[in-house]
Amino acid sequence: MNVDFVEYPDREMLALILADKLASQLGQHLRTNQQASLCVPGGTTPAPVFESLSATDLDWDRVTVVLGDERWVHGEHPRSNSRLLRRHLLKDEAAAANYIDLYTGDATPDEALPGLCARLEPVFPITVALLGMGNDMHTASLFPGADHLAAALAPDAPPVLAIRAEGADEPRITLTAPYLRNAINLHLLITGPEKREAFERAQKLDPLEAPIRALMDNLTVHWAE
Ligand SMILES: O=C1O[C@H](COP(=O)(O)O)[C@@H](O)[C@H](O)[C@H]1O
């Protein structure tokens with residue numbers, strides 16, 4: 001386990017400094033590579049980081065953005081993670097980024113897997129991956145007790161899997177642990193005392209109980225109250 005825990009004075013400072021860090025890691029990669037990839041979480045936490053990042057001057061047309069997971073709902077549904085991205089990240093400077101939408105409109109996420117695996121191939125290894133985490137220690141859509149969790153944690157997992165779990169309101173599609181873990185730069189964004197306590201607890205648990213534990217090999221955690 002190799003975890004660097006960074007504590008910020010408040011959420012505003014966290015958003016500014018973290019966005020700057022992500023942009024500088026992308027920029028550094030683009031100095032010696034034609035393309036970079038950025039994987040981001042959905043949910044309720046990352047919007048302020050996205051706002052700051054979207055205003056950053058970067059060769060966004062050489063950056064491909066992908067979500068770490070998506071809820072199987074249409075793109076304008078309030079629970080759609082893509083909707084969050086379109087409103088807070090894929091605008092201003094970042095409007096020039098390429099975006100690979102995990103939601104394909106197929107009836108189920110299972111049907112989308114073969115096409116998505118092929119489309120996602122060029123984003124790996126991910127240049128910069130930002131993860132989120134729920135109080136139940138799930139990350140992306142790797143939920144404790146999910147139907148395909150063991151397969152999604154396995155070293156030979158495919159890049160994406162369809163997931164159903166009690167804690168998730170709808171079917172999901174998720175990037176799997178080996179592809180997230182293999183990111184060149186791996187970050188976790190969490191806020192509030194409950195998530196800090198959940199992260200600390202997860203360090204002593206098995207990934208099947210606390211999926212975030214599977215991604216603690218080279219992880220920088222960004223936390224504010
Ligand atoms: O369902 C999800 O939850 C996690 C955590 O979300 P938050 O609302 O607690 O910030 C998120 O990282 C994931 O992308 C999302 O689909």
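Modeller: Helices (H or I, at least four residues) and strands (E, at least two) are DSSP runs, numbered from the N terminus. By that assignment, residues 9-223 are 33% helix and 19% strand, with the end C-alpha atoms 9 Å apart. The model is predicted, so local features need pLDDT of at least 70 and side-chain atom pairs pLDDT 80 or more, whereas totals for chains, interfaces and linings use all residues. Residues are numbered from 1 along each chain as its sequence is written.

Colleague: What does UniProt list for residues 9-223?

Modeller: An unreviewed UniProt entry lists that range as "domain: Glucosamine/galactosamine-6-phosphate isomerase"; such annotations may be inferred rather than shown by experiment.

Colleague: Why is H1 called oblique to H2?

Modeller: The axes of H1 (residues 11-32) and H2 (residues 47-54) come within 8 Å and cross at roughly 50°. These axes are lines fitted to C-alpha atoms over the stretch in contact, with angles from 0 to 180 degrees between N-to-C directions. Angles under 35 degrees are roughly parallel, over 145 roughly antiparallel and 65 to 115 roughly perpendicular, the rest being oblique. Therefore H1 is oblique to H2.

Colleague: Which residues make the contact between H1 and H2?

Modeller: With contact meaning C-beta atoms, placed from the backbone, within 7 Å, H1 contributes Arg11, Ala15, Leu16, Leu18, Ala19, Leu22 and Ala23, and H2 contributes Pro48, Val49, Ser52 and Leu53.

Colleague: Where does aspartate 92 lie, and what is its phi?

Modeller: Aspartate 92 lies in the loop between H3 (81-88) and S5 (98-100). Its phi is near 50°, a positive value in a residue other than glycine.

Methods
Two residues are in contact if their C-beta atoms, placed from the backbone, lie within 7 Å.
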